[in-house]
Amino acid sequence: MRQRFPNATFISSRGVERDFDFIRKSHYVVPALSTFSWLAAWLSNAKKIFFPVAGIFSPMQHPSAMLLPFNDKRYEFFTFPIYFARNIQEYREYMDPIRNLWEYTDTDKLREMCKSKERSLDAALSLFNANDYLALHPEFTDLYQKFGATGLINHFCEAGFWEGRKPFFFDENSYSARYPMAALSVAQGHYRNMLDHYINVGHKMGYKTT
């Protein structure tokens, strides 16, 4: 920020109350990814709030936490790729690949993104790995001993898929970090999540799961 805006004045924290009030009284606000700045911006009389649709504010990453004020005309939304928390010292490993991947997103598109996406049991089943499934869910050991891989497949079809269980080893964190364009596509609502992207597209492109 200092390199990008060399003539700007940077104000150090002056305590929780004064920081909150400073944001609330600002005319133009870019909230951080925190509920603290989210609330301060929302309660403000700002003319414009440039809002990052990322992290906890992303309906694709956290569908149970809807914090996007669609009907507030002050807000302009900018969608960022899905990402997961990491050590602050590693921030360049995340930021550099996505430096130019964020995009302005109007409220109509955001509403469309929030709609539930169809899931394909057939697509997930085509990549099902019985060994992985058993390792992920050792509570099904008795089922496997009685019926072998068929028992695990039947469980996945009847219950596992609908419960959101993974049909094979898959690491959302490493996948999103390794494939930022996939993370952006998920953030834009084209797929339910990173696993859904891999099942439908990633495996055809030779992407790795971990």
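Modeller: What follows is a look at one group of aromatic rings and its surroundings. This is a predicted model, in which local features need pLDDT of at least 70, side-chain atom pairs count only at pLDDT 80 or more, and totals for chains, interfaces and linings use all residues. Residues are numbered from 1 along each chain as its sequence is written, and side-chain values use heavy atoms, with hydrogens and water left out.

A search of the whole structure finds 25 aromatic pairs, where rings of Phe, Tyr and Trp (its six-membered ring) pair if their centres lie within 6.5 Å, and planes under 30 degrees apart count as stacked, over 60 as edge-to-face and the rest as tilted. One of them joins Y133 and F156 edge-to-face, with 5.7 Å centre to centre and 85 degrees between the planes. This pair links distant parts of the chain, 23 residues apart, since Y133 belongs to helix α6 (residues 130-136) and F156 to helix α7 (residues 141-160); helices here are DSSP runs (H or I, at least four residues), numbered from the N terminus. Y133 and F156 are buried, that is, under 20% relative accessible area with a 1.4 Å probe, protein chains only.

F156 also pairs edge-to-face with F161, at 5.9 Å centre to centre and 75 degrees between the planes, and both F156 and F161 are buried. Ring pairs link F128, Y133, F140, F156, F161 and W162 into a cluster. Over the face of F161 lies R119, at 4.0 Å from the ring centre, a charge sitting over a ring if NZ of Lys or CZ of Arg is within 6 Å of the ring centre and within 35 degrees of the ring normal.

Note on methods. Helices (H or I, at least four residues) and strands (E, at least two) are DSSP runs, numbered from the N terminus. Buried means under 20% relative accessible area, exposed over 50%, partly exposed in between (1.4 Å probe, protein chains only).
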